[in-house]
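This report looks at charged pairs and at one piece of nonpolar surface. Start with the model itself.

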Amino acid sequence: MSAAAEYLTDSRPRFRQPSAADLCMAVPCMTTDETNEKVMEMFSRHRDLVSLPVVEGRRPIGLINRSIFLSQMSKQFRMELYGRKSCIAFMDKEPLVVDAAMDIDTLTFKTVEHGEKALSDGFIITQGGAFLGVGNGLQLMRVVADMQASRNRQIMHSIEYASVIQQSTLRSSREALARACPAADLVWEPRDVVGGDFYQFSEGEGGWFGAVADCTGHGVPGAFMTLIASSALTQALDQHGTRDPAQLLGAVNRSIKQTLGQQGGEDATPGSDDGMDAAFFWFEPGSRRLVFAGARLALFVLPPGGTEVELVEGQRKGVGYVDSEAGYAWNNHERTLEAGSLVFITTDGLIDQVGGPRAIALGKKRVREAVLAAPARTPAAVNGAVLEALRAWQGAHHRRDDLTFFSFCA
């Protein structure tokens, strides 16, 4: 059975929203003509009773808190003065009263709104306006915690399946890369279960196309953006082919803007401002011709035997955002690489990672140093050295963003 079929036929029970009735405990209650002596007797008989409801007919009118009552009645002459008087003398005349059908989310808001006494004293539960029982704050907190845990499990199940979908969409690109350039090496590590970085590789006549992109956000929002952006890139490749990265950036820019309604202009009121940073390239192994176009991402080139890593900067204009004009044109950087040159591309999750003794970004300079420090000039060795440098730099700091970097040799 496929992952999708297994998910759709999942028979695990779904979360049921509990109500106030699930918290209801049957307890004795007092009537308005009963005395404080009777209340004292009731508290003595029921040691675990926190509060004692007071009813008029079957309608609840108050709640007597055990601690407050015993504290008041223990004072000198209080029993003589109040013992035979109505129990309403020490009751809270404005307790929280809720209907048994009230859902727990609403009950939680009501309890918080009512104040601390609703948690400590508890609340009265009715059915059709008639007294049914009481609930207490500890029970409520336990149920809320259980509900949250159940919801979290459902959310995580959905996110884990989203990860299956996201990785499935990337699998064909991995396979295309393995055919086009078997020695290439790719690191893709979402910060969360799913992420906002994606890559795409396609074979073409005489060469192959590659894209590494960082969409707005990470986690689930970022993953949604990768689906929009990768779909736009697939359509652009079908329409324009693989040889012109700058043209492809322009086509994806227009597609994202149209999909998200981010056309810009004085009269536009877009509901979002999302897009991506990207590095697109076309490489011909026979001639070692490389054509690169970047949208806020750069390309690193290390010549064979070289002691410096050259940085080829992309343009400082993102793809798809409100301020990225629909007609904006990116430029291609074209060059012929020396045999054995290493090309390295990364999203900003690597460069912007905070760490070190001063908690600052790793930066492009340290990335270059890590590339140069690799034990061999192979893609796998370079990526391994960069990953090791990143982890040493990050230390105990939290991972800030998704991580994707890629290298190949000409």
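## Nonpolar patch

Patches are built from residues with over 30% relative accessible area and no salt bridge, and nonpolar side chains are joined within 5 Å. The model is predicted. Leu119, Leu138 and Met141 make a nonpolar surface patch of about 270 Å².

Leu138 sits in helix H7, which spans residues 137-180. Its relative accessibility is 46%, so Leu138 counts as partly exposed.

## Salt bridges: the pair Asp277 and Arg296

Side chains of opposite charge can pair when their charged atoms come close. Across the whole structure, a search finds 15 salt bridges. One of them joins Asp277 to Arg296, with 2.9 Å between the closest N and O atoms. Asp277 belongs to strand S10 (residues 276-284), while Arg296 lies in the loop between strand S11 (289-295) and strand S12 (299-302), so the bridge ties together parts 19 residues apart in sequence.

Are the two partners buried or exposed? Asp277 is buried, at a relative accessible area of 10%. Arg296 is partly exposed, at 40%.

## The pair Arg289 and Glu334

Arg289 and Glu334 also meet through their side chains in a salt bridge, at 2.6 Å from N to O. Arg289 is in strand S11 and Glu334 in strand S14 (residues 333-336), so this pair ties together parts that are 45 residues apart in sequence.

Arg289 has a relative accessible area of 23% and is partly exposed. Glu334 reaches 53% relative accessibility and counts as exposed. The cut-off for exposed is over 50%.

## The pair Arg335 and Glu310

Strand S14 supplies another partner, Arg335. The side chain of Arg335 forms a salt bridge with that of Glu310, at 2.8 Å from N to O. Glu310 lies in strand S13 (residues 310-312), and the pair links distant parts of the chain, 25 residues apart.

Which residues are joined by bridges that share partners? Arg243, Glu284, Arg289 and Glu334 form one network of this kind. The bridge between Arg289 and Glu334, at 2.6 Å, was described above.

Key:
Residues are numbered from 1 along each chain as its sequence is written. This is a predicted model: local features need pLDDT of at least 70, side-chain atom pairs count only at pLDDT 80 or more; totals for chains, interfaces and linings use all residues. Side-chain values use heavy atoms; hydrogens and water are left out. A salt bridge is a side-chain nitrogen of Lys or Arg within 4 Å of a carboxyl oxygen of Asp or Glu. Helices (H or I, at least four residues) and strands (E, at least two) are DSSP runs, numbered from the N terminus. Buried means under 20% relative accessible area, exposed over 50%, partly exposed in between (1.4 Å probe, protein chains only). Patches are made of residues with over 30% relative accessible area and no salt bridge: like charges are joined within 9 Å, nonpolar side chains (Val, Leu, Ile, Met, Phe, Trp, Tyr) within 5 Å. Accessible areas come from the Shrake-Rupley method with a 1.4 Å probe; for residues, only the protein chains shown count as cover.
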